[in-house]
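Colleague: I'd like to learn how to read sheets, pockets and cavities. Can we walk through one together?

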Amino acid sequence: MDNYIVSARKYRPSTFQSVVGQKSLTTTLKHAIQNNKLAHAYLFCGPRGVGKTSCARIFAKTINCMNLTPDGEACDECESCRAFNEQRSYNIHELDAASNNSVDDIRTLIDQVRIPPPIGKYKVFIIDEVHMLTTAAFNAFLKTLEEPPHHALFILATTEKHKVLPTILSRCQIYDFSRISISDIVEHLQYVASHEGVNTEPEALNVIAQKADGGMRDALSIFDQLVSYTNGNITYQAVIDNLNVLDYEYYFRLTEAILAGDVRTSLLTLNDILERGFEGQNIITGLAEHFRDLLVCRDESTLILFEVGASIRERYKEMAKRCPDNFLFKAIELANTCDLNYRASRNKRLLLELTLIQLCQLNQSVATNDIDKKKALIEPIADTTNAGGTQPKPVMTAPRIQTRRTVSPRIPVNSPMPPSEEANMPRKTNRPMGIFMKEIGTEKSRPQTSQRQEANLPETITPFTQEDLIREWNNYAATIDKKVYLKNTMINCKPTLGERHEFEVTVHNPGQREELINNVIYILPFLRQRLNNSHIQMHIRIAEGNEKHLAYTSTEKLKLLMDINPNLGRLRDEFNLTLD
């Protein structure tokens, strides 16, 4: 019975041409050999399984070859090449720095450097995982690495370049190996499968390449595992079952439910996935990648960023046509936020379900924003008469507020008309309107008493004067007990009556503006009821810098006193005083 050799060793590259995914580096090394411009020390760094040690061995074999081919490859026929292939060459020494990282190990290596090669020109020392050397070993190696004998050449390999001392890095030519692309891995796996007589599906090999994360050695190890599992017939379904990879079909089902706003279907799909044993964080990261793939599929110019099989690619392109860009932007953001909060969450499943609920609500919010992104308020809509000619029930519109910094008069587009014009306009049916919460600033729900109070008021437009407005403004301020800041603001900032039942309040700082904005849902219903006018609206602006600035809070009062007497600030600092 022949000894079995795993694919990662059996198909390990033996020439520069057979190295996968590192063409620019192999071309540079071949040119250096052909032009006889070899450095005395090289550092090969990059992720695991991308060909660092393999390239080091090929490089060591090629520089000692006695009969190079025209394209710069080793001949595999001379004594040096045969000795290397039969693993009996004394010109190449490999040291594993992970287990030989002491000063004594480096001193032994330095003693070997002094001996010239028995065959060929160079004695090559390959030190793998060089970042594992101790600081003392690095320092003992410095002098030899900087000025080695003319026949010695060092090739250092590491996956963590940042752990290598800068003094070592400065003495080496550095070659950064990149992750191997999915297409290159799939192409090489097809080559291996054809030589091993294994039947494969393109989608199956694509999943293997994605699972390998840019490492050819990992891809070949997974390939061997699946050959044993499927008995030489690797299918897409067999791959996702054996590797515990979440099928694309689940992501498409979730996307369908999210686009339809179907919360229940999305939660049931999530439950199905969790029952199959998948980790919640893998689900949400996979969903984020799914939305990212849909985004790049929306444009032909970004389609090159999407690396999957042909059949799944077409399905992604069809689904991407149904997903607006704004929807995908927000969906990726929500999924990423859930991923960041997942580890700290105590109820991880609830976090996933809340994220799916938010995703299901995206389509409606995106459509609303697309209709009018600049709209900052909702205007009241009058009622219309029904088909029977009877008068509809009066509906009180919700308060509307605007904030602005200039005093220039502005009349809203849909502001109420004078009574003479309004009588000739048709009235619309009952459509209760709410408050646009972004405009108000904080999402606070109105109390039930305020809602009943507005609902019972008839729609009236009774004229009122500046004096009437000031009187009722003061009456409301007198009813405030606990909100001292609001009460002081209303006492010191009086309203000014404008046109069409609107008035303006000039405040002195953003804090006063926010206080009025947060309480407008209580102030306007009071004024509308007391002044018998359901169309009263309020505007707020911050006074210009040359207007009087009053101090209301403790911090403002302290600052005002410190401006008057600077010694007060020094007294505070000396005794380390603070405000309660």
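This is a predicted model: local features need pLDDT of at least 70, side-chain atom pairs count only at pLDDT 80 or more; totals for chains, interfaces and linings use all residues.

Colleague: Which helix gives the largest share of the lining of the largest pocket?

Modeller: The general idea comes before the case. Rolling a probe the size of a water molecule over the atoms shows where empty space is left. On a 1 Å grid over the protein atoms alone, a cavity is a set of points where a 1.4 Å probe fits but cannot get out, and a pocket is an open set with protein on both sides within 12 Å along at least five of seven lines; lining residues have an atom within 4 Å of a point. Here H14 supplies eight residues, the largest share. The pocket has 32 lining residues, with Gln-210, Val-245, Tyr-248, Gly-286 and Glu-289 nearest its centre. Helices H9 (202-212), H11 (236-242), H12 (248-259) and H14 (280-296) each give two or more.

Colleague: What volume does the largest pocket have?

Modeller: About 890 Å³. A volume is the space filled by probe spheres set on the points, with grid points joined across faces, edges and corners.

Colleague: And which residues line the second largest cavity?

Modeller: Leu-254, Leu-270, Ile-283, Ile-284, Leu-287, Leu-352 and Leu-356, around a volume of about 50 Å³. H14 turns up again, giving the most with three residues. In this lining seven residues are nonpolar, none polar and none charged; Ala, Val, Leu, Ile, Met, Phe, Trp, Tyr, Cys and Pro count as nonpolar, Asp, Glu, Lys and Arg as charged, and the others, Gly among them, as polar. The largest pocket's lining has 16 nonpolar, eight polar and eight charged residues.

Colleague: Now the sheet: in what order do the strands run?

Modeller: Two strands pair if DSSP finds at least two bridges between them. This open sheet of five strands goes E2-E3-E4-E1-E5, with parallel pairing. E2 (92-96) and E5 (173-176) are the edge strands, each pairing on one side only. Inside, E3 (residues 123-128) and E4 (residues 152-158) pair over five bridges, with Ile-127 opposite Leu-156 in E4.

How values were computed:
Residues are numbered from 1 along each chain as its sequence is written. Side-chain values use heavy atoms; hydrogens and water are left out. Helices (H or I, at least four residues) and strands (E, at least two) are DSSP runs, numbered from the N terminus.
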